[in-house]
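Welcome! Please take a moment to look over the sequence and the fold before reading on.

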Amino acid sequence: MRITVLGAGSMGHGITQVSAMAGHDMVLRDIEENLVEDGLEGIRENLQGGVDRDKFTEAEMEKTLGRIEGTTDLEAAVDDADLVVEAVPEDMDLKQEVFSDVEAATSEDTVIASNTSSLSVTEMASVLEFPERAVGLHFFNPPHIMDLVEIVVAEQTNDHTEEFAVDYVQGIEKEDVVVCDTAGFATSRLGVAFGLEAIRMVEEGVASPADIDEGMEIGYGHPMGPIELTDHVGLDVRLHIAEYLRKELGERFKPPQSLRRKVRAGKLGKKTGEGYYVWEDGERIRTSSD
């Protein structure tokens with residue numbers, strides 16, 4: 001199958017990697033050449049890490065890389081694509097614009113998917129002439145490690161598109177869950193609620209971020225505690241999603257004040273070096289003093 005991924009960030013290049021590893025011919029597209037190159041380099045680094053850990057061979061890595069090409073040309077990227085997955089920033093206007101541009105450059109048989117973690121796929125699909133081709137494919141970060149893909153069925157999604165999405169996800173050896181298109185879907189809605197309550201507990205002095213995280217990791221078997229996960233996701237991303245869920249579902253998703261303060265201060269988590277923890281070279285060093 002020929003698949004195009006739009007957006008070469010961590011999600012986009014991760015989706016490209018796992019799809020190429022499953023044997024699909026991939027095109028990774030972004031708006032600037034340096035972004036495309038960064039995405040391709042991210043794939044190479046991930047694959048080299050797998051080789052170093054004896055997950056697969058050097059030859060398998062090179063075969064995977066041979067299935068991937070990069071471009072900034074949208075029309076060339078989506079030409080003859082069976083599936084197009086957008087992985088652009090979480091902005092409805094931008095995603096609708098991307099959906100419209102993709103439809104204009106593809107046949108009506110091409111499935112158009114969004115990697116959104118919370119926004120309405122139904123609303124995105126409303127700009128399409130053939131909205132039944134739209135579906136959500138919510139990969140988890142990082143896609144080359146996380147096994148789950150949440151398949152989001154929009155109001156317009158037809159049975160063929162849903163079956164196509166399930167077959168694709170299972171074919172790249174991921175686990176699928178199928179959900180209806182509601183605010184936050186299933187996983188983001190629960191995950192954000194969990195993370196916000198953990199932050200409120202820190203604000204109330206219940207326990208430190210490290211102790212809360214350790215309690216959930218050891219006591220409940222979570223691979224990562226909710227506050228450390230917030231730092232990984234990005235405090236700005238978590239705030240944006242919380243505000244959206246608050247608008248759609250009510251005050252139980254009101255963001256804690258410390259989350260707002262940190263975002264205003266540019267303390268966005270691992271990507272900026274500080275959030276609820278301080279990070280150095282991608283490693284958690286200590287709890288933030290602020």
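Keep in mind that the model is a predicted one.

Let us start with helix α8, which spans residues 187-203.

| Helix pair | Residues of partner | Axes come within | Crossing angle | Handedness |
|---|---|---|---|---|
| α8 and α10 | 226-233 | 8 Å | roughly 115° | left-handed |
| α8 and α9 | 209-220 | 9 Å | roughly 140° | right-handed |

The axes of α8 and α10 cross at roughly 115°, which means that α8 is roughly perpendicular to α10. On the α8 side, Phe 194, Gly 195, Ala 198, Ile 199 and Val 202 take part, and they meet Pro 226, Ile 227 and Thr 230 of α10. Sorted by class, this contact holds six nonpolar and two polar residues, with no charged ones.

With α9, the axes cross at roughly 140°, so α8 is oblique to α9. Here Phe 194, Ala 198, Met 201 and Val 202 of α8 touch Pro 209, Ile 212 and Met 216 of α9. This contact has seven nonpolar residues and no polar or charged ones.

**The nonpolar core**

Which residues touch the most other members of the largest nonpolar core? They are Leu 6, Val 192 and Leu 245, in a core of 34 residues. Several elements supply at least two residues each, among them α5 (92-104), α8 and β9 (277-280). The element that gives the most is α11, with six residues.

Conventions
Residues are numbered from 1 along each chain as its sequence is written. This is a predicted model: local features need pLDDT of at least 70, side-chain atom pairs count only at pLDDT 80 or more; totals for chains, interfaces and linings use all residues. Side-chain values use heavy atoms; hydrogens and water are left out. Axes are lines fitted to C-alpha atoms, for helices over the stretch in contact, and angles run from 0 to 180 degrees between N-to-C directions. Helices (H or I, at least four residues) and strands (E, at least two) are DSSP runs, numbered from the N terminus. Angles under 35 degrees count as roughly parallel, over 145 as roughly antiparallel, 65 to 115 as roughly perpendicular and the rest as oblique. A crossing is left-handed if the near helix is turned anticlockwise from the far one by less than a right angle, and right-handed if clockwise. Contact means heavy atoms within 4.5 Å. Ala, Val, Leu, Ile, Met, Phe, Trp, Tyr, Cys and Pro count as nonpolar, Asp, Glu, Lys and Arg as charged, and the others, Gly among them, as polar. A nonpolar core is a set of buried Ala, Val, Leu, Ile, Met, Phe, Trp, Tyr and Cys residues joined through side-chain atoms within 4.5 Å. Buried means under 20% relative accessible area, exposed over 50%, partly exposed in between (1.4 Å probe, protein chains only).
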